Amino acid sequence: IDTANKLAQGADALNAEIQDITDELSATESQLSDLVEATNYFNDYESNSIEQIDLLKERIGMLPATLQSTLKKSNDFKALASFQRQVETVLKSKDSILDSFTGIKRPSQITPSINSMNSLKSQLPSLNTLKRNLQALDKKIPAVVCQKGSLVVSASKTGKCAKGFEPIPTK
């Protein structure tokens, strides 16, 4: 009977350990799900902001130098540059948090990092502000420029290019 009691106690202890491991794995799965959700939020935000800014800058780069200069001096462009710097700062912080995962030894260490990432979300500027600035600049970019070799000039008010110049769409 004594041996049977010891075996039953051992089985109970083993069962309790297995349950603890199962609970920890479930909690870890939930934490990793939260981490993926937070990371996806930042990835989506980046594609909806920085990529849009880069596309607009690419379009501005197609314009004649004088028009580029005028647009880059505008308040809308300066606001975009400020927006981009702010987003890039937050994204660098997010990357630092993700880099810290290499030192994690216990699942319980994941939660503070997820909390830090979630609090970073509030530091991101409004996408509505970005949309307004992009629209304002978009209205200032002509639909077509004229190119002859490396020379780029604005199209006429009617949108036509001078003889020898090729119309290049900016959108």
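Analyst: A residue is called buried under 20% relative accessible area, exposed over 50%, and partly exposed in between, with a 1.4 Å probe and protein chains only. The areas come from the Shrake-Rupley method, and for residues only the protein chains shown count as cover. By that rule Glu58 counts as exposed, because its relative accessibility is 56%.

User: Before we go further, what kind of model is this?

Analyst: This is a predicted model, in which local features need pLDDT of at least 70 and side-chain atom pairs count only at pLDDT 80 or more, while totals for chains, interfaces and linings use all residues. Residues are numbered from 1 along each chain as its sequence is written, and side-chain values use heavy atoms, with hydrogens and water left out.

User: Back to Glu58, then. Where is Glu58 placed?

Analyst: Glu58 is in helix H1. Helices (H or I, at least four residues) and strands (E, at least two) are DSSP runs, numbered from the N terminus.

User: Which residues form the negative surface patch?

Analyst: The patch consists of Glu46, Glu51, Asp54, Glu58 and Glu88. Its largest share, four residues, comes from helix H1, which covers residues 2-61. Patches are made of residues with over 30% relative accessible area and no salt bridge; like charges are joined within 9 Å, and nonpolar side chains (Val, Leu, Ile, Met, Phe, Trp, Tyr) within 5 Å. Asp and Glu count as negative and Lys and Arg as positive, with His and the chain ends not counted. The place of a charge is taken as NZ of Lys, CZ of Arg, CG of Asp or CD of Glu.

User: How many salt bridges does a search of the whole structure find?

Analyst: The search finds four. A salt bridge here is a side-chain nitrogen of Lys or Arg within 4 Å of a carboxyl oxygen of Asp or Glu.

User: What is the partner of Asp138, and how far apart are the closest N and O atoms?

Analyst: Asp138 pairs with Arg59, with the closest N and O atoms 2.5 Å apart. Asp138 lies in helix H5 (residues 127-140) and Arg59 in helix H1, so this pair ties together parts that are 79 residues apart in sequence. Asp138 is partly exposed because its relative accessible area is 24%, whereas Arg59, at 14%, is buried. Arg59 and Asp138 are also linked with Lys171 in a network of salt bridges.

User: And which residue does Lys140 meet in a salt bridge?

Analyst: The side chain of Lys140 meets that of Asp76, at 3.2 Å from N to O. This pair also links distant parts of the chain, with Lys140 in helix H5 and Asp76 in helix H3 (residues 75-99), 64 residues apart. Lys140 is partly exposed at 39%, and Asp76 is buried at 18%.

User: What else does Lys140 touch, leaving aside its neighbours within four places in sequence?

Analyst: Lys140 is in contact with Leu71, Ser74 and Asp76; contact means heavy atoms within 4.5 Å.

User: Is Lys94 buried or exposed?

Analyst: Lys94 counts as buried, because its relative accessibility is 7%. Lys94 forms a salt bridge with Asp95, the closest N and O atoms being 3.0 Å apart, and Asp95 is partly exposed at 36%.

User: Changing topic: what does Met117 touch?

Analyst: Not counting residues up to four places away in sequence, Met117 touches Leu35, Ala38, Thr39, Phe42, Lys94, Ile97 and Leu98. Met117 lies in helix H4 (residues 110-120) and is buried, with a relative accessible area of 0%. Its C-alpha atom is 50 Å from that of Ser156, which is 39 residues apart from Met117 along the chain.

User: Where is Val152 placed, and what does Val152 touch?

Analyst: Val152 is in strand E2 (residues 151-154). With residues up to four places away in sequence not counted, Val152 touches Met62, Leu63, Pro64, Val145, Cys146 and Gln147. Val152 is partly exposed at 21%. The C-alpha atoms of Val152 and Phe165 are 8.7 Å apart, and the two residues are 13 residues apart along the chain.

User: One last item: where is Ser100?

Analyst: Ser100 is in the loop between H3 and H4 and is partly exposed, with a relative accessible area of 37%. Ser100 and Lys57 are 43 residues apart in sequence and 33 Å apart in space, C-alpha to C-alpha.

Technical notes:
Areas by Shrake-Rupley, 256 points an atom, 1.4 Å probe, with all protein chains shown as cover.
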